[in-house]
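Have a look at the structure first, then read on.

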Amino acid sequence: INAEYGGKLRERAKDFYLKALSLDPSCEEAVCNVCNIFIREGKAKDGLEYVKTFLEHNSTFRAHTSAGECYLSLRQHEKAHQHFSIALELNMNYTRAMSGLQILENNDYTENEFVPANLQTNWSSI
C-alpha cells in the first residue's frame with residue numbers, strides 16, 4: 001500500500017511541477033524536482049530536456065547537479081562529470097554534487113535503471 005500511495009503522490013507532484021513549469025520555465029525548484037521524479041521513473045531523458053532548457057538561460061549549482069544526475073542515470077559519465085564539476089565551481093559545499101562525483105569515481109550503481117545507489121534514498125520523499 002505504501003508504494004502505491006507513494007507512486008500516486010509522486011505522480012501528483014510531477015503534475016504540479018509540470019504545471020509550474022508551463023507557467024514559469026525558469027522555476028529552478030520545479031525543474032530540479034521534476035528531473036528527480038523522471039529519473040526515479042526511469043525517464044532521465046525526459047528530465048534532462050527540462051534541465052537543459054533551464055540551463056540555456058540560468059546556470060545554477062542545483063540545475064547542473066540535476067543535469068549530472070540525469071546524465072549519470074543515462075550512463076553518460078563525461079557529461080555527468082562536467083555538470084557535477086560546474087555545480088561544485090558554483091557551490092563547492094554542495095554535497096549532492098559531491099556525491100555524484102563520488103559515484104562516478106567509485107562506479108557505485110544499482111542494476112535498476114542505472115539510478116545512482118546513494119541517491120535512491122534521497123528521492124523516497126518525493
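Buried here means under 20% relative accessible area, exposed means over 50%, and partly exposed is anything in between (1.4 Å probe, protein chains only). Arg75 sits in the loop between α4 (61-73) and α5 (77-90), and its phi is near 60°, a positive value in a residue other than glycine.

A word on the ground rules: this is a predicted model, where local features need pLDDT of at least 70 and side-chain atom pairs count only at pLDDT 80 or more, while totals for chains, interfaces and linings use all residues. Residues are numbered from 1 along each chain as its sequence is written, and side-chain values use heavy atoms, with hydrogens and water left out.

**Helix pairs**

Helices (H or I, at least four residues) are DSSP runs, numbered from the N terminus, as are strands (E, at least two). Axes are lines fitted to C-alpha atoms, for helices over the stretch in contact, with angles from 0 to 180 degrees between N-to-C directions.

Take α4 and α5: their axes come within 8 Å and cross at roughly 160°. The residues of the α4 and α5 contact split into nine nonpolar, five polar and two charged. For that tally, Ala, Val, Leu, Ile, Met, Phe, Trp, Tyr, Cys and Pro are nonpolar, Asp, Glu, Lys and Arg are charged, and the others, Gly among them, are polar.

Which residues does His83 touch, not counting those up to four places away in sequence? They are Leu55, His64, Ala67, Gly68 and Tyr71. His83 lies in helix α5 and counts as buried, at 12% relative accessibility.

The other pair is helix α2 (residues 28-40) with helix α3 (residues 44-55), whose axes come within 7 Å and cross at roughly 160°. So α2 is roughly antiparallel to α3 as well. Val31, Val34 and Phe38 are among the α2 residues that meet α3, where Tyr50 is one of the partners. The contact of α2 with α3 divides into ten nonpolar, one polar and two charged residues.

Leu18, in helix α1 (residues 2-23), contacts Val34, Phe38 and Tyr50, leaving aside neighbours within four places in sequence. The C-alpha atoms of Leu18 and Val31 are 8.4 Å apart, at 13 residues along the chain. Leu18 counts as partly exposed, at 24% relative accessibility.

**Aromatic pairs**

Rings of Phe, Tyr and Trp (its six-membered ring) pair if their centres lie within 6.5 Å; planes under 30 degrees apart are stacked, over 60 edge-to-face and the rest tilted. The count comes to three aromatic pairs, and here are two of them.

| Pair | Centre distance | Plane angle | Type |
|---|---|---|---|
| Phe16 and Tyr17 | 5.5 Å | 65° | edge-to-face |
| Phe61 and Tyr94 | 4.7 Å | 70° | edge-to-face |

Phe61 is in helix α4 and Tyr94 is in the loop between α5 and α6 (95-106), so this pair ties together parts that are 33 residues apart in sequence. Phe61 counts as partly exposed at 25% relative accessibility, whereas Tyr94 is buried at 19%. Phe16 counts as exposed at 56%, while Tyr17 is buried at 15%.

Notes
Parallel < 35°, antiparallel > 145°, perpendicular 65-115°, else oblique. Contact = heavy atoms within 4.5 Å.
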